Amino acid sequence: MLSPEASAAARSPSVDPVAAVSGPSADLVAAVSGRSVDLVAAVKGPSAIGWAEIQSLTERLEIEKQAWEENYMKKQEAWLLTHERGLKEEVRKGRDKEIELVIQRLEEEVRVSKQECERVAENT
């Protein structure tokens, strides 16, 4: 917030409003007004972190993100392979069951045909 002196100076046409601001806000006002003051340097206080630390954290975050994505993809692939195997096993069991039913039907047809042939042979 501007001091009363800075407010009066800002209204006065002969005084630069940016120059009238003093204290910790001066760098911020200068940065916002286009002066050659680093905005991050203007904003940061004693507890703020610097650009190098931000870049370091950003790089670390990107590395961790890539590692997480790779791990996630591996888990997804493992899950998919497991379920694929399960589905293949179900399909195989279903196919085997159908084959068994066809075999049973054919055996029954052969048995009936054999009985008919024996009856015809007996009657002649």
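Trainee: What makes Glu-109 partly exposed in this predicted model?
Mentor: Its relative accessible area is 40%. Buried means under 20%, and exposed means over 50%. The value of 40% lies in between, so Glu-109 is partly exposed.

Trainee: Why is Arg-105 called partly exposed?
Mentor: Arg-105 has a relative accessible area of 48%. Exposed needs over 50%, so Arg-105 counts as partly exposed.

Trainee: How do you know that Arg-105 forms a salt bridge with Glu-109?
Mentor: The closest N and O atoms are 3.5 Å apart. The cut-off is within 4 Å, so the pair qualifies. Arg-105 and Glu-109 are four residues apart in helix 5, which means about one helical turn between them.

Trainee: What makes Glu-89 and Arg-92 a salt bridge?
Mentor: Their closest N and O atoms are 2.4 Å apart. That is within 4 Å, so the contact counts. Glu-89 and Arg-92 are three residues apart in helix 5, about one helical turn. Glu-89 has 32% relative accessibility, and Arg-92 has 35%. Both count as partly exposed.

Trainee: How do you know that Asp-96 and Arg-95 meet in a salt bridge?
Mentor: The N to O distance is 3.2 Å. The limit is 4 Å, so this pair passes too. Asp-96 is partly exposed at 29%, and Arg-95 is partly exposed at 46%.

Trainee: How many salt bridges does a search of the whole structure find?
Mentor: Seven.

Trainee: How many aromatic pairs are there?
Mentor: The count comes to one. Trp-68 and Tyr-72 form that pair.

Trainee: Why is the pair of Trp-68 and Tyr-72 called stacked?
Mentor: The rings lie 5.2 Å centre to centre, with 15 degrees between the planes. Trp-68 and Tyr-72 both lie in helix 5, four residues apart.

Trainee: What makes Trp-68 exposed?
Mentor: Trp-68 has 54% relative accessibility. Exposed means over 50%, so Trp-68 qualifies. Tyr-72 is partly exposed at 39%.

Trainee: Which residues form a nonpolar patch on the surface?
Mentor: Trp-68, Tyr-72 and Met-73, with about 360 Å² of accessible area together. Met-73 lies in helix 5, residues 51-123. Patch residues need over 30% relative accessible area, so Met-73 passes that test with 46%.

Key:
Residues numbered from 1 in each chain as written. Predicted model: local features only at pLDDT ≥ 70, side-chain atom pairs only at ≥ 80, totals over all residues. Heavy atoms only, no water. Patch = residues over 30% accessible without salt bridge, like charges linked within 9 Å, V, L, I, M, F, W, Y side chains within 5 Å. Areas by Shrake-Rupley, 256 points an atom, 1.4 Å probe, with all protein chains shown as cover. Salt bridge = Lys/Arg side-chain N within 4 Å of Asp/Glu carboxyl O. Helix = DSSP H or I, 4+ residues; strand = E, 2+ residues; numbered from the N terminus. Buried < 20%, exposed > 50% of the residue type's maximum accessible area, 1.4 Å probe, protein only. Phe/Tyr/Trp six-rings, centres within 6.5 Å; stacked < 30°, edge-to-face > 60°.
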